[in-house]
Amino acid sequence: ILERSRMSHLPEGGPEDISEDAALERLDRALMESVDLHQRSDVPYGMFLSGGIDSSVILALMAKLNSEPVLAFTAGWDVPDAKDERAHAAEVARADEHALSTLPPGEPMQPAFSTAEVAVHPSGKFVFGSNRGHHSIVSYAVDPASGRLTLVGHASTGGRTPRHFAVDPTGTWLLAENQDSGTVVVLRIDPRLRQGVSLAGNLSD
């Protein structure tokens, strides 16, 4: 952050007298500049594609700014009558839908199960997700050529309803918050991710 500033109120005066085309051009330029700034990274990056307007626009702009295909992830679950945007997300991405369950093989889906967070390992080689209801973190390996995921394994978060989690910059630790247990747990990440992640300790009670 180079500079912090605060506006006490909106600028005085009414809307500028400009044409719709000029306004859209300004909007396009502002969005492009914002996405370009957020892509500045020393490690590989991707995006979470929900299939809605916001993430669809971001993906379209990223596609313009990148010479390689953009790595995008979409979460969904197979529950009757549940809102599922995977089909639209696949259409937006102009790619074949690559759907993987976040649950262990053979684990039946239950109404209380849902997903929450998706994070990419600093190396760009692995992806993690949190399972609410199942109380676990799922690990995937990323194929560098196609971006497709292969299940590595699952680890219990040692609590209930993991929501947000983060991977430290070294890629060694994953910290997960258990909403209904009031805890933050630390999981160790296997350097080669042969075993995924494992519970290492509890930061708070």
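Which residue in E6 is the bridge partner of Ser-139? I looked it up, and the partner is Gly-153.

**Ground rules**

I am working with a predicted model, where local features need pLDDT of at least 70, side-chain atom pairs count only at pLDDT 80 or more, and totals for chains, interfaces and linings use all residues. Residues are numbered from 1 along each chain as its sequence is written, and side-chain values use heavy atoms, with hydrogens and water left out.

**The whole chain**

I found 3 helices and 10 strands in the protein chain. Here helices (H or I, at least four residues) and strands (E, at least two) are DSSP runs, numbered from the N terminus. Along the sequence, I read the pattern α-β-α-β-α-β-β-β-β-β-β-β-β. The chain has 205 residues, and 30% of them count as buried. Buried means under 20% relative accessible area, exposed over 50%, and partly exposed in between (1.4 Å probe, protein chains only). I also checked contacts between residues at least 6 apart in sequence: 40% of them join residues at least 24 apart. A contact means heavy atoms within 4.5 Å.

**The sheet E3-E4-E5-E6**

Back to the strands of my opening question. I see 4 strands in an open sheet, ordered E3-E4-E5-E6, with antiparallel pairing. Two strands pair if DSSP finds at least two bridges between them. Strand E3 (114-120) and strand E6 (149-156) are the edges, each pairing on one side only. From one strand to the next, the twist averages 25°. (Axes are lines fitted to C-alpha atoms, for helices over the stretch in contact, and angles run from 0 to 180 degrees between N-to-C directions.)

E3 and E4 run antiparallel and are joined by 5 bridges; Ala-119 stands opposite Phe-128 in E4. Strand E5 (residues 136-142) pairs with E6 over 7 bridges, also in the antiparallel sense. E5 and E6 make a hairpin with 6 residues between them, and Gly-147 in the turn has a positive phi of about 80°.

**Two loop residues**

Which loop holds His-135? I found His-135 between E4 and E5. His-135 is not a glycine, yet its phi is positive, about 60°. Its relative accessibility is 16%, so His-135 counts as buried.

Thr-161 sits in the loop between E6 and E7. Its phi is positive too, near 60°, in a residue other than glycine. Thr-161 is buried, with a relative accessible area of 11%.

**Nonpolar cores**

A nonpolar core is a set of buried Ala, Val, Leu, Ile, Met, Phe, Trp, Tyr and Cys residues joined through side-chain atoms within 4.5 Å. The largest one has 12 residues, including Ala-119, Phe-128, Ile-137 and Ala-155. Strands E4 (126-132), E7 (162-167), E8 (173-178) and E9 (183-189) each give two or more residues to this core, and E9 gives the largest share, 3 residues. Another core lies apart from it, with 7 residues, among them Val-35, Met-47, Leu-49 and Ala-89.

**Two helices**

How do H1 and H2 pack? Helix H1 (residues 20-38) and helix H2 (residues 53-65) pack at an angle of about 75°, with their axes 10 Å apart. The two helices are therefore roughly perpendicular (angles under 35 degrees count as roughly parallel, over 145 as roughly antiparallel, 65 to 115 as roughly perpendicular and the rest as oblique). Leu-31, Met-32, Val-35 and Asp-36 in H1 meet Val-57, Leu-61, Met-62, Lys-64 and Leu-65 in H2.
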